[in-house]
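Please read the points below with the sequence and the coordinates open beside you. They are arranged by region, and each point can be checked on its own.

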Amino acid sequence: MNAIKRFGSAMIVPVLMFAFFGIVLGLATLFKNPSIMGSIAEEGTNWFKIWSVIESGGWTIFNHMEVVFVVGLPLSLAKKAPGHAALAALMGYLMFNTFINAILTQWPHTFGANLDKGVENVTGLKAIAGIETLDTNILGGIIISSIVTWIHNRFYSKKLPEMLGVFQGLTFVVTISFFVMLPIALITCIVWPTVQNGISSLQGFIIGSGYIGVWLYHFLERVLIPTGLHHFIYAPIEVGPVVVNHGLKAEWFEHVNEFAKSKEPLKELFPYGFMLQGNGKVFGSIGIALAMYATTPKENRKKIAALLIPATLTAIVVGITEPLEFTFLFIAPYLFVLHAILAATMDTLMYGFGLVGNFGGGLLDFFATNWIPLAQNHWLTYVIQIAIGLGFTAIYFFLFKFLIVKFNIPLPGRQKGDKDMKLYSKDDYKNKDGKTEVTKKTGSTNEFEDKAIYYLEGLGGKENIKDVTNCTTRLRLTVNDVNKVEDSDYFTHRQMAHGLVKSGKNVQVVVGMSVPQVREAFENLVFEDKNN
């Protein structure tokens with residue numbers, strides 16, 4: 001389970017980039033639409049050509065998703081030298097596809113895929129990095145990247161005899177990968193048609209699951225957040241082949257221009273476009289934050305507002321909800337389950353009223369890839385969306401307020417004497433009693449290093465850290481002895497973190513959006529010190 005969770009967090013590294021490129025495509029769609037921009041956007045004008053160039057850049061990640069995942073996964077999964085691991089994974093993937101190309105070229109009839117017809121004319125084939133090969137989509141990329149990363153973790157530091165020293169490190173990993181990729185390529189040529197048929201059957205099942213499937217998808221995507229397994233729910237659907245071969249995001253952007261010009265209902269144009277989980281992030285977060293504020297004693301409201309406003313804006317604007325959700329998750333987990341139920345119900349209701357599209361993130365997604373490009377012909381759908389969303393904001397507010405008061409849930413700022421709600425400063429803990437050797441030894445210069453020092457102390461010191469990675473908001477670690485890890489109160493004290501999750505020797509510290517910088521500072525403390 002620890003390995004699965006670690007893998008799930010690694011998936012987020014490439015996925016995070018999709019939001020930016022999606023916004024670029026949304027803006028290009030808007031500015032190339034003559035019905036919105038007028039004659040300036042007619043095909044053949046310089047304005048049209050400029051935005052066509054910009055749009056082509058927006059397609060970069062969608063056209064090369066496999067390569068992005070191949071390179072992105074080792075950056076989190078490699079236990080050492082992640083840059084070398086990423087290069088080794090890229091080489092392994094290129095060798096894998098080159099071997100497939102050669103096998104299909106030499107025995108075209110044996111494997112039922114004739115490259116001479118051109119990959120654009122044969123279903124199941126694709127040109128990847130200029131190599132004509134089987135279209136194994138991101139599934140193939142993830143598998144190959146994982147295999148090469150495992151080889152890297154096992155053999156990168158292997159000491160070879162002096163006369164073979166030139167083959168150590170990266171070269172040794174790539175050498176082993178060469179001999180591993182050949183049989184894997186052959187096996188892929190044999191079994192992939194069966195796998196592809198299975199994926200097609202799964203696509204039909206998901207599309208035909210109706211409202212029950214939509215509700216379950218959104219419920220599981222929310223409720224699994226504490227475990228980190230929610231990545232396995234939305235990623236295969238949004239950027240993987242579970243619903244359509246190249247993912248719903250790419251499918252949406254490929255046809256959004258057609259949808260913008262059509263007056264047919266969006267649900268008829270894009271019937272499987274249920275990427276609506278951003279509604280819970282926007283409308284739900286507002287209701288939750290208002291309920292938390294309303295149930296805080298008046299003398300603490302200014303301070304709690306200072307914590308709630310940035311966390312809520314982060315959820316609303318970019319769709320990152322964990323800083324807000326983890327404020328109440330560990331104190332009252334039943335509130336989080338209620339949140340998942342309400343969000344799934346809201347998304348299913350909106351889907352029933354004809355809303356589909358790319359609503360996986362926050363308002364940036366709403367405006368750039370839905371509302372602005374498609375408003376002219378589909379504005380009524382979005383008015384209904386907002387009406388339903390605001391209705392659920394009210395439901396969230398009253399239900400959360402009632403439960404917080406009814407069960408006297410001790411959220412930040414609600415307890416007597418709970419007035420010191422701020423982040424630790426560098427001086428706060430450097431001057432505290434019982435400083436550890438790590439704190440005394442490290443010259444901290446910024447908030448990221450401050451947090452890294454504080455976390456390291458609470459996690460049992462550098463000798464207790466086995467490996468480190470991160471997802472969007474969480475620092476994920478494997479420790480040697482979980483009994484040396486402090487409880488959640490230590491990490492949430494003065495808002496140093498939003499929470500702590502323990503599962504066996506797997507530990508997650510909920511940091512927030514600064515987690516990549518904190519992880520870098522943390523690794524500098526742990527691994528550089530170990531190497532010395």
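The numbered points below begin with the basis of the model and then go through its regions.

1. Basis. This is a predicted model, in which local features need pLDDT of at least 70 and side-chain atom pairs count only at pLDDT 80 or more, whereas totals for chains, interfaces and linings use all residues. Residues are numbered from 1 along each chain as its sequence is written, and side-chain values use heavy atoms, with hydrogens and water left out.

2. An open sheet of 4 strands has the order 5-6-8-7, and its pairing is antiparallel. Strands, here and below, are DSSP runs of E with at least two residues, numbered from the N terminus, and two of them pair if DSSP finds at least two bridges between them. The edges are formed by strand 5 (465–470) and strand 7 (499–503), each of which pairs on one side only. From one strand to the next, the twist averages 20°, with axes taken as lines fitted to C-alpha atoms and angles running from 0 to 180 degrees between N-to-C directions.

3. Strand 8 and its partners. Strand 6 (residues 474–479) and strand 8 (residues 506–510) run antiparallel and are joined by 5 bridges; within this pairing, leucine 475 has valine 509 as its bridge partner, and arginine 476 stands opposite glutamine 508. Strand 7 is also joined to strand 8 by 5 bridges, again antiparallel, and here glycine 499 is the residue whose bridge partner in strand 8 is valine 510. Strands 7 and 8 form a hairpin with 2 residues between them, and glycine 504 in the turn has a positive phi of about 65°.

4. Burial of strand 8. Why is strand 8 described as largely enclosed by the rest of the structure? The reason is that 5 of the 5 residues of strand 8 are buried, where buried means under 20% relative accessible area, exposed over 50%, and partly exposed in between (1.4 Å probe, protein chains only). Asn506, Gln508 and Val510 point one way from the strand while Val507 and Val509 point the other way, and all are buried.

5. The annotated cysteine. UniProt, in an unreviewed entry, places the feature "active site" at Cys471; such positions are given in the numbering used here, feature names are shortened, and annotations may be inferred rather than shown by experiment. In the model, cysteine 471 is found in the loop between strand 5 and strand 6, and it counts as buried because its relative accessibility is 2%.

6. Strands 1 and 2. Strand 1 (residues 125–128) is joined by 4 bridges to strand 2 (residues 131–134), and the two run antiparallel. Isoleucine 128 has isoleucine 131 in strand 2 as its bridge partner, and in the hairpin of these strands, with 2 residues between them, alanine 129 takes a positive phi near 55°.

7. Two helices. Helices are DSSP runs of H or I with at least four residues. Helix 18 (residues 333–352) has 20 residues and reaches 29 Å from its first C-alpha to its last, close to the 28 Å expected at 1.5 Å a residue, the expected span being 1.5 Å times one less than the number of residues. Just after helix 18, glycine 354 takes a positive phi of about 100°. Valine 71 lies in helix 6 (residues 65–72) and counts as partly exposed because its relative accessibility is 27%. Not counting residues up to four places away in sequence, valine 71 touches Ala86 and Leu90, with contact meaning heavy atoms within 4.5 Å.
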